There are 2 protein chains.
Amino acid sequence: MNEVSKISPTLLLEGLRAIVGEKACIEVASDMQPFTTDYRKLYHGKALAVVLPASTEQVSAVLALCFAHNVPVVPQGGNTSLMGGAVPDAAGDAVVLNLRRMNQVQEIDVINDTMTLQAGVTLQAARAAAEEAGRLFPLRIGSEGSCQIGGNLSTNAGGTAVLRYGNMRDLTLGIEAVLPDGRIYSSLRGLRKDNTGYDLKQLFIGSEGTLGIITAAVLKLMPLPSASAVAWIAVKDPHAAVELLTEAKRAAGQAVTAFELISGPALALVLESMPQWSAPLPSAHDWMVLIELTSGGDAEGLDATLMSILEQGMERGLVTDAAIAASLADARAFWQLREEISDAQTREGGSIKCDISIPLSKIADFIAEASKQVLALAPDARMVIYGHMGDGNVHFNPLRPKGAPAAAFLAENYARVSHTVDGLATRQNGSISAEHGIGVAKRDDLLLCKSPVELELMWQIKRALDPTNLLNPAKVLPLPTPAP
Amino acid sequence: MNEVSKISPTLLLEGLRAIVGEKACIEVASDMQPFTTDYRKLYHGKALAVVLPASTEQVSAVLALCFAHNVPVVPQGGNTSLMGGAVPDAAGDAVVLNLRRMNQVQEIDVINDTMTLQAGVTLQAARAAAEEAGRLFPLRIGSEGSCQIGGNLSTNAGGTAVLRYGNMRDLTLGIEAVLPDGRIYSSLRGLRKDNTGYDLKQLFIGSEGTLGIITAAVLKLMPLPSASAVAWIAVKDPHAAVELLTEAKRAAGQAVTAFELISGPALALVLESMPQWSAPLPSAHDWMVLIELTSGGDAEGLDATLMSILEQGMERGLVTDAAIAASLADARAFWQLREEISDAQTREGGSIKCDISIPLSKIADFIAEASKQVLALAPDARMVIYGHMGDGNVHFNPLRPKGAPAAAFLAENYARVSHTVDGLATRQNGSISAEHGIGVAKRDDLLLCKSPVELELMWQIKRALDPTNLLNPAKVLPLPTPAP
């Protein structure tokens with residue numbers, strides 16, 4: 001433990017102002033509110049201050065000051081966590097450190113195919129900068145306009161192109177991070193091979209700001225695809241979707257960029273709330289797939305490959321109908337339907353959010369069994385099931401029956417339904433949080449799905465890097481804190 | 001620190017025999033010799049015993065016993081480390097734990113595209129098992145017949161297909177590892193997305209057996225490519241090679257599977273020692289490239305792409321000559337020339353091995369500058385420079401002049417040449433061990449290329465997971481051990 005010197009809030013605030021400047025130190029509760037309330041408006045915390053440092057050195061100085069006085073620090077990027085991972089608790093003794101002023105793309109190296117940038121760059125800005133340089137940065141998630149690279153790294157973000165390009169972890173060559181005591185770690189080297197000791201960056205990626213604050217990164221860039229082919233496909237059932245995916249991988253290999261499953265109720269929800277949008281297929285279906293192929297080759301070849309996948313699917317009775325995007329506008333419209341599912345649920349008062357992954361060979365059975373168990377608990381729930389089936393990942397989100405009041409439905413069902421679904425996933429060697437992370441919302445659920453050894457190891461690492469538990473406390477690691 | 005109960009070697013050996021069986025506990029020095037001497041015959045260690053456990057439970061019991069009595073354990077796979085990473089030191093107080101009896105491929109899931117296997121499976125056997133199931137396991141390194149999956153994981157092996165498929169780390173979904181005290185950690189889940197807490201497997205991958213002993217893994221499988229196109233290309237110089245690579249990535253995207261640079265002296269060395277083999281091109285060249293494209297499409301399309309890359313290269317003056325493999329036999333012959341470079345050096349008494357990576361945008365300048373500096377020290381050295389330029393990785397291996405005695409050349413030049421080359425790489429933000437790891441050979445060089453914070457973090461992790469420093473002691477982490 002560090003020796004704690006007591007400091008009054010007044011003196012601490014003075015110190016913070018001296019580091020980041022007056023304007024970048026927010027101290028009035030109402031001004032802090034956007035930083036202390038989470039994206040889903042489920043967690044309403046308080047803070048001593050919100051600081052907006054402009055450089056790694058300022059982040060380092062803030063952490064050193066807080067470390068010296070035992071003040072908790074909550075790192076924050078775009079504040080788009082679905083798990084309450086980026087806001088402080090109600091105690092009001094923490095400093096929120098938001099990285100949005102650190103928003104410079106520092107270098108794009110088109111020969112090395114890398115991009116070096118600060119943690120506060122939004123994903124959208126990062127993608128745009130890469131594209132301007134004739135390259136693709138492939139991470140693609142719904143919140144790209146708000147979420148920041150630092151948050152993408154801290155949560156190992158996934159999204160709709162993981163099937164082809166991997167998670168954020170796979171796209172990262174190096175990071176810079178500030179440790180709880182203010183020391184700066186850097187591996188901003190842009191190397192694709194570097195076996196010189198422990199790969200320390202892996203500790204900070206996906207640990208949700210509990211071990212260090214990521215301030216910059218070197219990311220991989222890819223060739224911009226020259227062709228894409230997109231189709232909205234009605235399939236017999238999730239088993240047929242899995243078979244179709246296997247066929248697509250056989251026929252198109254790594255060109256299969258996205259393979260999203262969409263349940264009938266998920267699409268219906270979007271179409272009801274967006275009456276001006278058209279359905280992609282003339283009739284309603286229980287299960288659909290949105291597939292995207294991309295390549296650096298010619299469009300005709302890719303279209304032919306997509307067509308042959310669909311023909312195979314029809315012949316084998318997997319596919320019952322399909323619409324191929326005839327233009328970029330069509331493709332965008334298909335994707336818009338898919339992307340809107342999330343907000344459409346929010347407009348209905350919110351669903352019971354389960355973010356499951358399972359080996360692909362078991363996912364169809366999982367969907368059937370989990371649906372059966374959920375409908376036994378909540379008979380008329382709308383089964384909003386969708387997501388990245390290509391990665392074995394579905395968002396399994398039961399929604400209140402039409403007409404039923406949202407609050408009562410959620411109060412009655414949230415805990416029991418999510419425990420049912422998560423429990424089933426755990427027993428099948430699946431994950432209860434494929435891409436959303438743990439934050440505070442799923443924190444204590446780790447006790448149900450992780451082995452004692454896994455939990456012990458997590459604490460061993462946490463204690464080694466943050467011995468006084470100051471960085472994003474009470475996130476990720478289940479409470480109570482075990483004795484060392 | 002654990003409380004140490006003294007144990008006599010006799011009692012320890014009795015305990016080890018009781019765990020693994022008499023036949024699997026080797027105690028006679030001459031029988032141990034293949035396990036205590038490294039692949040390059042540079043390190044000649046001693047051991048109390050060599051144990052060959054047959055199961056994870058046996059590994060766990062061996063570690064628990066050794067932990068209770070403070071006995072160091074050196075994990076070993078195929079013993080093909082180039083860095084002395086898999087053999088004990090001369091003290092003779094350690095137990096070598098070799099995993100070769102744990103050689104079962106436990107499951108291949110062709111829907112999930114995963115393979116679950118024990119750590120002692122050789123890379124060759126793993127690739128063969130995948131191929132039999134109609135899938136590709138893409139790791140490809142020269143020692144595949146001997147090296148084991150556990151060693152590949154512990155050293156984050158690279159090789160000739162990283163450009164397309166990534167390092168061993170990128171190919172791994174889960175592992176099982178035994179901790180220093182015998183506890184068993186497992187993440188054998190086969191999930192492509194799982195953000196439930198710290199990604200603990202990353203700690204064990206690439207840490208060379210200093211934090212835990214990997215006993216099993218779930219690896220990613222890929223579609224078997226249906227077409228490949230291979231060419232041996234003479235290029236103007238390394239700058240031209242980098243430009244040609246950029247053109248190849250533009251034209252062929254992810255189909256570019258391997259892009260190997262080969263210097264004139266590297267090829268000459270192979271042809272001299274293998275007079276029955278033919279040169280791929282009619283005349284000698286200073287710099288050559290071996291390129292391989294693979295795809296799931298048709299061979300004609302891929303051939304056309306390769307041809308257009310070569311035509312572009314010729315037009316732009318990058319390529320001076322090229323031979324396209326007209327058959328699988330041709331392609332194999334090209335690869336054989338490339339693979340033989342390593343053994344050809346050994347037959348000449350060994351070279352000064354530097355394994356450098358540098359951002360691709362700087363690698364050509366690096367080769368020029370490093371060559372100049374090395375030739376100033378060792379004027380007639382043969383510049384055997386070759387390797388995975390597509391990853392920014394070259395093996396930069398100056399070899400004694402023809403006729404000069406090997407031992408004298410190495411004694412005079414090894415330290416000063418490797419420090420010159422490594423120093424230049426370090427100053428350019430490169431790596432002094434792109435894929436070979438650290439082991440004992442490069443251990444103290446980390447003091448020259450890592451920041452104090454990186455070294456402190458490595459020790460923080462080591463102490464957290466192996467507080468009594470029993471697993472592969474004196475490897476990877478530079479000596480002296482700092483005070484906690």
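**Exercise 1.** Which side chains meet in a salt bridge at 3.0 Å, N to O? Find the pair.

*Solution.* Start with the rule: a salt bridge puts a side-chain nitrogen of Lys or Arg within 4 Å of a carboxyl oxygen of Asp or Glu. Next, look at Asp391(A) and Lys193(B), whose side chains meet that way. Then widen the view: the rule finds twelve salt bridges across the interface of chain B and chain A.

Before you go on, this is a predicted model, where local features need pLDDT of at least 70, side-chain atom pairs count only at pLDDT 80 or more, and totals for chains, interfaces and linings use all residues. Residues are numbered from 1 along each chain as its sequence is written, chains are lettered from A and ligands numbered from 1 in the order written, and side-chain values use heavy atoms, without hydrogens and water.

**Exercise 2.** Work out how much area is buried between chain B and chain A.

*Solution.* Buried area is the accessible area (1.4 Å probe) that two parts lose on being put together, summed over both. Here that comes to about 6,500 Å², with 53% from carbon and sulfur atoms. Now pick out the residues of chain B that lose the most: Lys193(B), Asn195(B) and Tyr198(B) together make up 16% of what that side buries.

**Exercise 3.** Find how chain B can be laid on chain A.

*Solution.* Superpose the copies by least squares on C-alpha atoms of residues with pLDDT of at least 70 in both. A turn of 180° and a shift of 0.0 Å along the axis give an RMSD of 0.0 Å. That's the relation of a two-fold axis.
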